[in-house]
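Have a look at the structure first.

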Amino acid sequence: MQPVPPGARAPKTGLAVQWHRDMAETKDTRTRILDIAEASVLEKGFEATSIEEIVAGAEISRGGFFYHFKDKNALARAMLERYIAAEDALYDDLFARARDLNDDPLHSMLIALKLLAEMLADMPNGHPGCVIAAAAYQDRLFDQGVRDLNREAILSWRRRFREMFEEIAAVYEPRDPVDLEALGDMVSCVVEGGLILQRALREHTSASDQIMLFRSYLKLLFSPRPV
């Protein structure tokens, strides 16, 4: 056997190559199951989404499904965890980009909301919906762990935006008395409410329009008082 040069990786053996292939296939199958389940849940809810249709869509056996998820409760948890991570990454990116463009806390918030509204408006088929909301509507289907995960996701977004509004309020005194925690919740309310309007009315700019109205409200709320 030829010695491996210092700093070089040893070539994979046949068993190692097969193991890596199996792991990649397992990851792909799990992702495919989650993609199919999420699309179905956003279309018709958790209760109406069956394991049978997921199995058929993923072209796997029932045993293949249960290899990845022991039941629909475990599937719901995985869907929520993935959705929460994606939403957090989206907000992190949007608000970091906005802060790079303007250090002022109010102006960076206004920039980020405009970026969010533009992103939603640019989706050709509209935003598909929110897994968090879908789980909240049918939380009786899940165990306490899934319900707690859903609740913590909403609370984490409350904390995120409340901290931003506290930073803004330290520089710009609100023109009206306002509960900054409730204002933090309002971001989620506006986005989720806009998505509901969008779905009900089949108007794909509803969510972005609501975000821009909220943006206008923030400008008025934190605008300096006339001298």
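## Ground rules

Axes here are lines fitted to C-alpha atoms, for helices over the stretch in contact, and angles run from 0 to 180 degrees between N-to-C directions. Helices (H or I, at least four residues) are DSSP runs, numbered from the N terminus.

This is a predicted model, so to speak of local features takes a pLDDT of at least 70 and side-chain atom pairs count only at pLDDT 80 or more, while totals for chains, interfaces and linings use all residues. Residues are numbered from 1 along each chain as its sequence is written, and side-chain values use heavy atoms, with hydrogens and water left out.

## Confidence

The protein chain has a mean pLDDT (the predictor's confidence in each residue, from 0 to 100) of 88, and 87% of its residues reach 70 or more.

## Helix 7 against helix 8

Helix 7 (residues 144–171) packs on helix 8 (residues 180–201) at about 125 degrees, the axes lying 8 Å apart. That angle makes helix 7 oblique to helix 8; under 35 degrees counts as roughly parallel, over 145 as roughly antiparallel, 65 to 115 as roughly perpendicular and the rest as oblique. The crossing is right-handed, meaning that the near helix is turned clockwise from the far one by less than a right angle.

On the helix 7 side the contact includes W157, F161 and F165, and on the helix 8 side L180, L183 and V187 are among the residues involved. By class, this contact has 7 nonpolar (Ala, Val, Leu, Ile, Met, Phe, Trp, Tyr, Cys and Pro), 5 charged (Asp, Glu, Lys and Arg) and 2 polar residues (the others, Gly among them).

## Helix 8 against helix 9

Helix 8 and helix 9 pack at about 150 degrees with axes 7 Å apart, and are therefore roughly antiparallel to each other. This crossing is right-handed too.

Which residues of helix 8 meet helix 9? Among them are M186, V190 and L197, facing partners in helix 9 that include I211, F214 and L218. The contact divides into 13 nonpolar, 4 polar and no charged residues.

## A133

A133 is found in helix 6 (residues 131–137). With a relative accessible area of 14%, A133 is buried (under 20%; exposed is over 50%, partly exposed in between, with a 1.4 Å probe and protein chains only). The C-alpha atoms of A133 and E192 are separated by 7.8 Å, although these residues are 59 apart along the chain.

Technical notes
Helices (H or I, at least four residues) and strands (E, at least two) are DSSP runs, numbered from the N terminus. Contact means heavy atoms within 4.5 Å.
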